[in-house]
Amino acid sequence: MMVYLLCLVLFCVGLYCVLMKRNIIKIIVGIIIMEFAVNLFFVLVAYRMEGRAPILSPDAEILNMVDPLPQALVLTSIVIGLATTAVLVAIAMRIYEKYGTFDITKIKELRG
Amino acid sequence: MIMTAHIIPLFVGISLAGAFITSLLGKKLKMLPDVTGSLTTFALLILSLLSVWVVNVHGILVYNVGAWKLPIGIALVLDGLTAFMLVTVNLVAFLISIYSINYMERFTSKWKFYTLFLLMVAGMNGVVVTGDMFNLFVFLEIASVASYALVAFGTERHELEAAFKYAVMSIVGSLFILLGIVFLYSYTSTLNMADMAHILAQKGTSNIILMVSVLFIMGFGLKAALVPFHAWLPDAHPSAPAPISAMLSGVLIKSLGIYALCRIFYNVIGISSSLSSILMVLGTLSMVIGVFLAIGQWDFKRLLAYHSISQVGYVILGIGLGTPLGIIGGLFHLFNHSVFKSLLFLNSGAVEYATGTRDLQKMGGLSKKMPVTGTTSLIASMSIAGIPPFNGFWSKLIIIIACVEAGRYGYAFWAVLASILTLASFMKVMKYAFFGTLKEKWAQVKEVPFFMKLSMSLLALISLIGGVLLVPAVKEVFLHKAAEVLVQGTQYAVMILGG
């Protein structure tokens, strides 16, 4: 139970970072933290107590094995996270070129 | 029977192939991006019309990717609702891609535009055809990432700011969706939507389903720009190039937001009366608040963006009612809105192309200089305001009748009120932009080039004759089949797994 709660705490740290920080780079870091919290939670969901890798071998009898599917899905999810982070960082670089600052309180020309 | 199912993966495959060819050769051959963009979307349009016919002849089709048997592998599903959404997405995508032939001349590196555009179409088609939960998330992210890049396409101050805001909010929404999928997987141990619906029906309700519903309403509500989650839309949609604004407002928020929301709530989790009232309240809030915010706007595209929020509210209200008539009204309004709202955004793009401004106060009398743009935008304005005989009138009428029939007089009142306010705000647009005296500044303004005129005229024609879809014979084939899927609810599982 403890690990799930820690996952939730990690997610909330990321969310806090996205909502409260003024620096664009810190917001991006917050998003990455949230992504990792969700990925970690996904892997934890698949874990079984005393489980082992689900590989069939003739000599060992398998009693308890972890669920392999979420691990494959998390790989996909990490790659997607990489793509979104790359786009965000590219936009952040262009914003710095145009505005000369990373402070979002100074980047607010769109109103209404 | 087996062969016809092979049509389904083509919707993703053709658009990805188009994007690949464009990115590979587009830099060298100047004409190629236009050709591949238009041909690819045209092929997709033909295929999607074909899929409507296929659904009517063969019923529901399932394609198993990699020939894995049903609950294990990824399944692609073609049913009435899917065929309906495919026609909507690909029709708008085709008309927008021929519009872009002329419009995108203003930007450098057209091939990048077409590559991203086709990737976005691939993502949207994928979201619509997939029958697998995680696959839905993957396609949703493909479409979203392409759209972040497209919003920032102009790389000026405003575009970048809007794109960053949009990207951050949309990524947070995606993470909520992923978290919801994780909870559903841990509860049911399956990812296939039909299998999931089957297991959920056996296990009954629990608190986990409640939590998943909240996560999905937050996540997909953010993608669909329902009112408490709408803040990104009025920035992102106006900042993108006009064809992309049309694409985002016309189909992206619908296939990523509304379609996914309906599919999951109706066919997988199963709609309950509390969920249905949440949807109706959110829809009414978006409808009324969107239109009130729109009235005060002077930026043409920003005004249209606020109206998107309001019209999406109508769709959600209609679908949330849950009665067969309400669902037909909601889906019909979804189709109509994607036609007339993309037309309006293309009109705003044409005005910007000719005059270089989006401020309504600086325009005036443009109808004399740009007759095609003026006429088509008059048609679209009357359509969105709900004046007979244009298509917007019929769908709003059905939604209001459905509200009254279900005894929801309050919702019907708000729907009528929002419609009147929409009319008021579009009278302002027509008065300031297209009618009145021509300002001296615009004496040299010319009408836009051929392909832009062609695409706008075709869309205007569709909004003029859109009411034909309600003729019983046509309705039976197209709208009714789509509404049937939602009405049947969790029977979906039996139909997929059994067939």
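Student: Is Ser189(B) buried, partly exposed or exposed?

Tutor: In this predicted model, local features need pLDDT of at least 70, side-chain atom pairs count only at pLDDT 80 or more, and totals for chains, interfaces and linings use all residues. Residues are numbered from 1 along each chain as its sequence is written, while chains are lettered from A and ligands numbered from 1 in the order in which they are written. A residue is buried if 20 or more other C-beta atoms, placed from the backbone, lie within 10 Å of its own, exposed if 12 or fewer, and partly exposed in between. Because Ser189(B) has 13 C-beta neighbours inside 10 Å, Ser189(B) counts as partly exposed.

Student: How are α1(B) and α2(B) oriented towards each other?

Tutor: Helices here are DSSP runs of H or I with at least four residues, numbered from the N terminus. The axes, which are lines fitted to C-alpha atoms over the stretch in contact, with angles from 0 to 180 degrees between N-to-C directions, come within 10 Å and cross at roughly 180° for α1 (residues 7-25) and α2 (residues 32-58) of chain B. Since angles over 145 degrees count as roughly antiparallel, α1(B) is therefore roughly antiparallel to α2(B).

Student: Which element gives the most residues to the side of chain A that touches chain B?

Tutor: Two residues are in contact if their C-beta atoms, placed from the backbone, lie within 7 Å, and the contact takes 27 residues from chain A and 25 residues from chain B. On the side of chain A, the elements that give two or more residues are α2 (24-46) and α3 (69-99) of chain A. The element that gives the most, with 14 residues, is α3(A).

Conventions
Parallel < 35°, antiparallel > 145°, perpendicular 65-115°, else oblique.
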